[in-house]
Each structure stands twice: as structure tokens, then as C-alpha cells.
Amino acid sequence: MDAALVLFELGAVLLGLGILSALASRIGISAIPLYLLSGLAFGIGGFHPLESAESFIETGSHIGVVLLLFTLGLEYTVSELFGSMKKGAPIGLVDIVLNASPGVAVALLLGWGPIAAAVMGGVTYVTSSGVTAKVLGDLGWLGNRETPSVLSVLVMEDLVMALYLPIVTTLLAGLALAQASIGLAVAAGAVTLALVTASRFGGFVEAFLRSPSNEILVLKVLGLILLVAGLAEQVHVSAAVGAFLVGITLSGELAHSAREVLEPAKDIFAAIFFVHFGLQTNPGSLMPMLGIAIGLALVGAATKVLTGWMAARRNGVGQTGAIRAGTLLIPRGEFSIVIAGLAASAVDPQLGPLVAAYVLTLVILGPISARLVKPMMQAFKRSRQRKAVVETA
């Protein structure tokens, strides 16, 4: 591979992302939709595929998701996580019913069969933790009252995925469901072990990571994050869950220092993650399924807003915060694409393009909807005030 061409393409990508981010900041929106559209323009079937830098971008996209979820984990302690999960369990069940059902229904209506229905249920169910974490950071909502409610839903979904993926992989391979039991037990055991380690031995982890310089700290923390994420992926638990659990293990001054030293790397690799998703999508394959995808996306957006609203209201959050929580759950992303990739050769060939168009629609709609919550609620309040004035007059 020509090193000069790799460097040229990668430099062009990063410079372009910087320009797009500046443009997004100037007009007051999240840069995520622009990152995705740029990937779409230069990916499969685009203007000029980025072949030389593709391998680096693919690896960078995985690192981006891991760092996004690690940063999100730094905002919370183990006790807060357990409390949030316990309180959010009923919403977790509602989340499954509301958001898996549309995908199951569409697959059955299209005549794709029960296995494809199980696949599509997973696609429409799970929110993109990476996109949501990026939007939370972009909009400065990490400290909002509704954020723990959003987090509890995300964690429940990622844990469900840890159980779902071994089962759906076995079904796609044509094996008996019972043969997934070993993988399922390993996944559940790995999550439990990580939570116990974070709860009981977090102090030892912090003592190991504490360092006299930023150079040593960033090497230790980044190495631990990637190591745990890789081990989590190996036992069929999401790498994102592994990184999140490392984040909640750290607290106090160490968490603050880790956030500061990794912030630039997180921003770079998160941008690469969204570009990579666009690069993998062929615009030509989207058109035949676009109508169905948009309809399914609108239903999926509505069911996620309802899920987030219910979760936040249960925790005493006001109407505006509850709606913000709902919009934060709209995006679908990395899990949906992974699930569709597993099923690409096992079910109907139209499933891949449908999922790509569905995810692309929601990953653009989600950040924009979150950005519009405040002005829309302000306009609604002004409208109600004017109506009250007219009625009293």
C-alpha cells in the first residue's frame, strides 16, 4: 500500500471533517449529519471511494465508539448505575415491546420469515449509544436531569444486546437455539464480573492508573479501555459496554484527568466513526427501499420519543427534559448495522439496503430533533400564553 496516498487521503478526510464541524458550529447544529453525508459521498458508489485509507478509518471507527462510551461512563458511579438500572427495568421492558415490534411487523409483512423478523426486531430496537453520547456532549446535556434516564435505557439496551447477539447468530447459522446457551452464559458472566470489579475493586484500578504525567496516564487509560473493549467483544459482549464499565470505575480527580487527556482523541475518532458508516453505504442501493425505510424510521422515532419520555417522567423530569430524553434515543447506528451485517447472506438481500436507509434517516433525524426541542417548546409555550390571553379577554 502506498503510504503517501494513505496519508493524503487521511489528511483530506480530517481536514474536511474540521471544515464541516466549523460549519455545523456556525449554523448551530450537530456535525453528525454532515459527517455521515460526507461518508456517503466518498464511499461505495460515491464520487471517489477512499480505498487507501479505508483500513485505518474502519479501525478508527471502532475506537471512536469505545471512547464515546468510556467518556459517558465517566459521568456516573457504579451505585448510580445500579440504581438507574433497577429503577429503569420496567421501562426496559416497554422499550423492547415498543421498538422491536415495528421491525418484526415490517419483516413479516414483506414475507421475509421469522428469522428475518427476529433480525429486524433487533435493528429497530436498539439506540446508537455512540451517536447519543456524541449528541449529549455536543449540546452540553451531560449534566441535565434527564441524562441518567437516557443512560439507564442505553445500558439496558446494550445488556439486552449481549444476550440477543449470541441467540440471533445461532439462528442465522441454522443451529438449534440450545447451542447458543454457552455463549449466552459467557456473555452474562462477563458483564456480571465487570460490574462486580467496578463496584468492589474500583480503588485498585484507580491506584494502578494514577500517573505522574499526562503521557503515562493517557497510555495506561487508553490501553486499558481498548483491552477491556476487545475482551468484551471476544465474549460477545458489546465493546461499548466494556468501555462504559471502565468509565464508571474511575471517579474524582482521576476521572477528570482522564477526560481531559482523552478528549481530543475522542473527538477525532468519533468523527471517523460517523464517516465510516457513510462510507459503507451505497447510495444506489438505498432508493428501492427508501419509502419503506422512511416510514419505518418515522414510527421508530415516535416510539423512542415515547420511551424516553416515559423513562424521564418516571424519574420526575419535567416535560421539556422528558422530550429531550426521547429525542436522544432516536438514532440507530452501530448495533443495527452489525445485526444487518450478520444477516446479509442469510435472509432477503433487500434487508441490508432497508437497514442502511433506516439507520441513515434516524441518525440524521435524531441529532436535528434534539437540537430543535428547546425552540419548539418555547414556541409552544408562547402559543399557549397567547391563547390564554385571548380567552381571558
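pLDDT is the predictor's own confidence in each residue, on a scale from 0 to 100. Over the protein, the mean is 83, with 88% of residues at 70 or more.

This is a predicted model, where local features need pLDDT of at least 70 and side-chain atom pairs count only at pLDDT 80 or more, while totals for chains, interfaces and linings use all residues. Residues are numbered from 1 along each chain as its sequence is written, and side-chain values use heavy atoms, with hydrogens and water left out.

**The overall picture**

- The protein has 17 helices and zero strands. Both are DSSP runs numbered from the N terminus: helices are H or I with at least four residues, strands are E with at least two.
- Of the 393 residues, 49% count as buried. Buried means under 20% relative accessible area, exposed means over 50%, and partly exposed is in between (1.4 Å probe, protein chains only).
- Take the contacts between residues at least 6 apart in sequence: 81% of them join residues at least 24 apart. A contact here means heavy atoms within 4.5 Å.

- H14 has 25 residues, and at 1.5 Å a residue it should span 36 Å; its end C-alpha atoms are 36 Å apart, so the two agree. The expected span is 1.5 Å times one less than the number of residues.
- Buried residues in H14 include Ala293, Leu296, Gly300, Thr303, Lys304 and Ala312.
- After H14 comes Gly316, with a positive phi near 80 degrees.
- Over in helix H4 (residues 78-109) you'll find Ile91. Ile91 counts as buried because its relative accessibility is 5%.
- Setting aside neighbours within four places in sequence, Ile91 is in contact with Val153, Thr307, Met310, Ala311 and Arg314. Ile91 and Arg314 sit 223 residues apart in sequence, but their C-alpha atoms are 9.0 Å apart in space.

**Helices H11 and H9**

- Helix H11 (residues 239-249) is mostly covered, with 11 of its 11 residues buried. Among them are Ala239, Gly242, Phe244, Val246 and Thr249.
- Glu206 belongs to helix H9 (residues 202-209). Its relative accessibility is 11%, so Glu206 counts as buried.
- Leaving out neighbours within four places in sequence, Glu206 is in contact with Thr249, Leu250, Ser251 and Leu254.

- Ile272 is in helix H12. With a relative accessible area of 3%, Ile272 is buried.
- The C-alpha atoms of Ile272 and Ile57 are 6.3 Å apart, although 215 residues separate the two along the chain.
- Ile44 lies in the loop between helix H2 (32-41) and helix H3 (54-73). Ile44 counts as partly exposed because its relative accessibility is 42%.
- Beyond residues up to four places away in sequence, Ile44 touches Leu279, Gln280, Thr281, Asn282 and Pro283. From Ile44 to Gln280 it's 236 residues in sequence and 6.2 Å in space, C-alpha to C-alpha.
- Leu5 is in helix H1 (residues 3-27), and at 36% relative accessibility Leu5 counts as partly exposed. The C-alpha atoms of Leu5 and Glu51 are separated by 9.5 Å, with the two residues 46 apart along the chain.

**Cavities**

- A cavity is a set of points, on a 1 Å grid over the protein atoms alone, where a 1.4 Å probe fits but cannot get out; lining residues have an atom within 4 Å of a point. By this rule, there are two cavities of 30 Å³ or more.
- The second largest cavity holds about 30 Å³ of space. That volume is the space filled by probe spheres set on the points, which are joined across faces, edges and corners.
- Its lining is made up of Leu36, Val131, Phe273, Phe274, Phe277, Arg332, Gly333, Val359 and Val363. Helix H12 (252-279) and helix H17 (351-392) are the elements that give two or more residues to this lining, and H12 gives the largest share, three residues.
- The lining of the second largest cavity splits into seven nonpolar residues, one polar and one charged. Ala, Val, Leu, Ile, Met, Phe, Trp, Tyr, Cys and Pro count as nonpolar, Asp, Glu, Lys and Arg as charged, and the others, Gly among them, as polar.

Notes. On a 1 Å grid over the protein atoms alone, a cavity is a set of points where a 1.4 Å probe fits but cannot get out, and a pocket is an open set with protein on both sides within 12 Å along at least five of seven lines; lining residues have an atom within 4 Å of a point.
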